[in-house]
Every structure is written in structure tokens, then in C-alpha cells.
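Work through the exercises below with the sequence and the 3D structure in view. Try each task before reading its solution.

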Amino acid sequence: MLNDEHFMRHALREAQRAFEEGEVPVGAVVVMNGRVVARGYNQVEKLNDPTAHAEMIALTSAFNLLGAKYLPDATLYVTVEPCLMCTGALYWSKVGRIVWGASDEKNGHEHITRDQWPFHQKATIEKGVLKEECAQLMKDFFKARR
């Protein structure tokens, strides 16, 4: 069944790749018309690039594949709530829907009012899809680093 949990599992597989490569385990996929068209995982250390977040890599891949700079019909699934940089990229790319698993308690958007909405005004948000699995991967990663 092609639902949010199905596609979040794809994002979790990307996050697992990051984990295995020693990267902060965040994964993302871009979905259009019921199929994954692009994927990404954090590659900050691998690429020595602080902007190489899962969302940025997935979005760039989607832009290149589709030959488009706007993705209003796309859904981005990401295992952890997007940071400010990635939120800006989602805004400018006009992604129609953003779905995340675990919230980012330190840098999240929970305190923001609708007047301060950082996402595109037409975007819809779904939070907490497979949040326990997404959060556990992050906990395991940071526990192993201590």
C-alpha cells in the first residue's frame, strides 16, 4: 500500500545508509505520482560540505531528473524535521507537501506561528510518521559517538 509510512520507510533506508557511512542518519525521498523520483541521505562528512543534507541532495536530484526548479506536485519525506537551510530550499522549490518523522527538539518549527510560517504558503505538512523509528536511529547514532 502506497501511503506515508511506505514512503517514509524509503527515507529510513536512506538514513540507514548515512548511519553506515558515519553520517548523521537523515534520509529523504521525493515522491511524485506514487513513485520515488529522487532520494538522498546526509553526506556532509563524505563530501566535506555542510550543505550536503539529505533534503538538499534529494531535491537537487529531483530538479535534475525532472528538468524543473519547482516541485508543487511533489511530496518530500524526510526522517527528521528539516533544518532552517533545508526549509528555505523547500520553500523556494515550492514542494507541495512535506512529511517528516522525528521532530528536531533543538532547531524545530514547533514554536513558529502561522504568521511566521517558514514553508511555502501552499505547502502542507505532516509530522510524526514513523517518528519512533526515525528518532531511534538518531539516538543510536549519537549514543555510539559518545
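**Exercise 1.** State in which order the five strands form the open sheet, and which strands are its edges.

Step 1. The five strands of this predicted model form an open sheet in the order 2-1-3-4-5, with mixed pairing. Strands (E, at least two residues) and helices (H or I, at least four residues) are DSSP runs, numbered from the N terminus. Two strands pair if DSSP finds at least two bridges between them.

Step 2. Strand 2 and strand 5 (124-127) each pair on one side only, which makes them the edge strands.

Step 3. Neighbouring strands of the sheet are turned by 15 degrees against each other on average, with direction ignored. Axes are lines fitted to C-alpha atoms, for helices over the stretch in contact, and angles run from 0 to 180 degrees between N-to-C directions.

Residues are numbered from 1 along each chain as its sequence is written. Local features need pLDDT of at least 70, side-chain atom pairs count only at pLDDT 80 or more, totals for chains, interfaces and linings use all residues, and side-chain values use heavy atoms, without hydrogens and water.

**Exercise 2.** In which sense does strand 3 pair with strand 1, and in which with strand 4?

Step 1. Strand 1 (residues 27-32) pairs with strand 3 in the antiparallel sense, over four bridges. In this pair, Val30 has Leu76 of strand 3 as its bridge partner.

Step 2. Strand 3 and strand 4 (residues 97-102) are joined by five bridges in the parallel sense. Here Tyr77 is opposite Val99 of strand 4.

Step 3. Between strand 3 and strand 4 the chain passes through helix 4 (residues 84-93), a right-handed β-α-β crossover (with the strands pointing away from the viewer, the path from the first strand over the helix to the second runs clockwise).

**Exercise 3.** Why is strand 3 largely enclosed by the rest of the structure?

Step 1. Buried means under 20% relative accessible area, exposed over 50%, and partly exposed in between (1.4 Å probe, protein chains only).

Step 2. Strand 3 (residues 75-80) has six of its six residues buried, so the rest of the structure largely encloses this strand.

**Exercise 4.** Where is Gln43 found, and is Gln43 buried or exposed?

Step 1. Gln43 is in the loop between strand 2 (35-41) and helix 2 (44-47).

Step 2. With a relative accessible area of 12%, Gln43 is buried.

Step 3. Leaving out residues up to four places away in sequence, Gln43 touches Glu23, Asn48, Ala52 and Ile57 (contact means heavy atoms within 4.5 Å).
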